[in-house]
Amino acid sequence: MQTTAPAKMLPTTAEVVVLGGGLAGAGAACVLAKAGREVLLLEREAAATHKICGEFLSAETHGYLRRLGLNLDALGGHPISHLRLVHGRKIVATALPFSGLGLSRYRLDEALLDHASQSGASLWRGQRAGVSEIDGSVDLEVQSAGTVSADTLFLATGKHDLRELRRNPETPPEDLVGFKMHFEVDSAQLRALAHHVELILFAHGYAGLQRVEDGRVNLCLLADRSWLKACGGNWPDLLEELLRTCPHLQRRLAGAIPLLPQPLSIFRVPYGFVYDPPADKPGNIYRLGDQVGVISSFSGDGMGIALHSGLLAASHYLHGLDAGHYHRRIRHDIASQIWRTGLLYRASRWPPGRQLLMGWTGLMPRSLRLAARQTRVPHAAVRQVMQLMP
Ligand SMILES: Cc1cc2nc3c(=O)[nH]c(=O)nc-3n(C[C@H](O)[C@H](O)[C@H](O)COP(=O)(O)OP(=O)(O)OC[C@H]3O[C@@H](n4cnc5c(N)ncnc54)[C@H](O)[C@@H]3O)c2cc1C
């Protein structure tokens, strides 16, 4: 006789709900579940998806992932040890002050979600949720699955505002547009890209080019929206214009085959945002990742901040420290970094600034080490989280 497994029911209550299963949310869920807490992790996407990202994992990012017990070596990322900064026909190359990794978000986010589930978090996929009531406990309305009442909410829904829990302060988004595409490039270009991340500066923005797993190459760029319009308002025309004006990129992508059906795009990113909790905010809502701070993509450390905040929030919660305490701590750890990276990015938008960056990077690896120190989560803060984690 054939029996049907009973449909899984959404619990009506939970100690902690983590809303959003990106790196911040999944990372926090791993820590809480491993400590034996009852965690419900809700992720909008039903299956692995590509995300717009340069896909450069900094040393802090892979340090945190390893600390969570994720077997990164099994994911097949491409090790990155050098930077090439490109402006027109000028190229300066230097060793990075740390080792990075190129790995797609498609593979990474899925592996971390799976790891959170294996660690004991109750994972619900394909569930977009909204917050319906905040009154001591937090009520979440989960699309077509019902309502769940949580004692504590970890809000990790990424860059854009949740209608019921808007950002504070409101941060006007910059008028930029981002695109990402994976390519198969010819073998000579693939060899030339080995162990390098290339940062290509141009008048209307910048692009990052690097290898990820399986010999794929990721191109991710950020440019003025007005330039997109001037190019015809679509990706093929923008790419054509970019290749026409950037000989280096033209060489790298000559004959390249796009590997995604269409590019991923993003706009209205609130770069520079750092959460400032209003005095009357409840102590049971912890904001993580891009919900607590959005660093310019230029730094290549947004994922590091996402994991740092997720692990810090989970450790605070486990030590009985409320959201107010956590928000003061995370602000202390990331606010100056976000501000300095914004300055560096703005310098790159100004022609003499671009020349200066080229000269400075070429001068000595020490200047890069200094810039890296000023624009990433401080070592002492990372060490502290590692110690706080159970
Ligand atoms: C153009 C660009 C390039 C970048 N390049 C890099 C880089 O090279 N290196 C780097 O370290 N960082 C980079 N970043 C930054 C990095 O991508 C982010 O900082 C990081 O992804 C933030 O992680 P998160 O977990 O906060 O958010 P996300 O990764 O966005 O995850 C949020 C999750 O929440 C889910 N979600 C959203 N709303 C709901 C809802 N209502 N209910 C349920 N689930 C929901 C989403 O599906 C998603 O999975 C880049 C960013 C941009 C824009």
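Visitor: Which residues does glycine 146 touch, not counting residues up to four places away in sequence?
Guide: With those neighbours set aside, glycine 146 touches Leu10, Leu140 and Glu141, where contact means heavy atoms within 4.5 Å. This is a predicted model, in which local features need pLDDT of at least 70 and side-chain atom pairs count only at pLDDT 80 or more, while totals for chains, interfaces and linings use all residues. Residues are numbered from 1 along each chain as its sequence is written, and side-chain values use heavy atoms, with hydrogens and water left out.

Visitor: What makes glycine 146 partly exposed?
Guide: Its relative accessible area is 29%, and the class covers values between buried (under 20%) and exposed (over 50%), with a 1.4 Å probe and protein chains only. Glycine 146 is therefore partly exposed. Its place is in strand β9, residues 146-155; strands (E, at least two residues) and helices (H or I, at least four) are DSSP runs, numbered from the N terminus.

Visitor: Why does leucine 140 count as buried?
Guide: Leucine 140 has 0% relative accessibility and therefore counts as buried. It is found in strand β8, residues 137-142. Beyond its neighbours within four places in sequence, leucine 140 is in contact with residues including Val17, Leu19, Ala129, Val131, Gly146, Val148 and Leu153. From leucine 140 to arginine 128 there are twelve residues in sequence and 10.0 Å in space, C-alpha to C-alpha.

Visitor: Why are helices α2 and α12 called roughly parallel to each other?
Guide: The axes of α2 (residues 59-67) and α12 (residues 379-388) come within 12 Å and cross at roughly 5 degrees. Axes are lines fitted to C-alpha atoms, for helices over the stretch in contact, and angles run from 0 to 180 degrees between N-to-C directions. An angle under 35 degrees counts as roughly parallel, over 145 as roughly antiparallel, 65 to 115 as roughly perpendicular and the rest as oblique. The two helices are therefore roughly parallel.

Visitor: Which residues meet where α2 and α12 are in contact?
Guide: Glu60, Gly63, Tyr64 and Arg67 in α2 meet Ala381, Val382, Val385 and Met386 in α12. The residues of this contact comprise five nonpolar, one polar and two charged (Ala, Val, Leu, Ile, Met, Phe, Trp, Tyr, Cys and Pro count as nonpolar, Asp, Glu, Lys and Arg as charged, and the others, Gly among them, as polar). In α2, the buried residues are Glu60, Thr61, His62, Tyr64 and Leu65. Their cover includes β3 (56-57), β5 (90-102), α3 (105-118), α8 and α12. Just after α2, glycine 69 takes a positive phi of about 95 degrees.

Visitor: Why is the aromatic pair of phenylalanine 202 and tryptophan 227 called tilted?
Guide: The whole structure has ten aromatic pairs. In this one, the rings lie 5.6 Å centre to centre, with 45 degrees between the planes. Rings of Phe, Tyr and Trp (its six-membered ring) pair if their centres lie within 6.5 Å; planes under 30 degrees apart count as stacked, over 60 as edge-to-face and the rest as tilted. Phenylalanine 202 lies in strand β11 (residues 196-202) and tryptophan 227 in helix α5 (residues 225-230), so the pair ties together parts that are 25 residues apart in sequence. Both residues are buried.

Visitor: What makes the pair of tyrosine 206 and phenylalanine 298 edge-to-face?
Guide: This pair has 80 degrees between the planes and 5.0 Å centre to centre, and is edge-to-face. Tyrosine 206 belongs to strand β12 (residues 205-211) and phenylalanine 298 to the loop between β16 (285-287) and α8 (302-318), so parts 92 residues apart in sequence are tied together. Tyrosine 206 is buried, at a relative accessible area of 6%, and phenylalanine 298 is buried too, at 13%.

Visitor: How do you know that arginine 167 lies over the face of phenylalanine 273?
Guide: Arginine 167 is 4.8 Å from the ring centre of phenylalanine 273; a charge sits over a ring if NZ of Lys or CZ of Arg is within 6 Å of the ring centre and within 35 degrees of the ring normal. Likewise, the charged end of arginine 287 sits over the ring of tyrosine 275, 4.6 Å from its centre.

Visitor: Why is aspartate 214 called exposed?
Guide: Aspartate 214 has a relative accessible area of 61% and is therefore exposed. Its phi is near 60 degrees, a positive value in a residue other than glycine.
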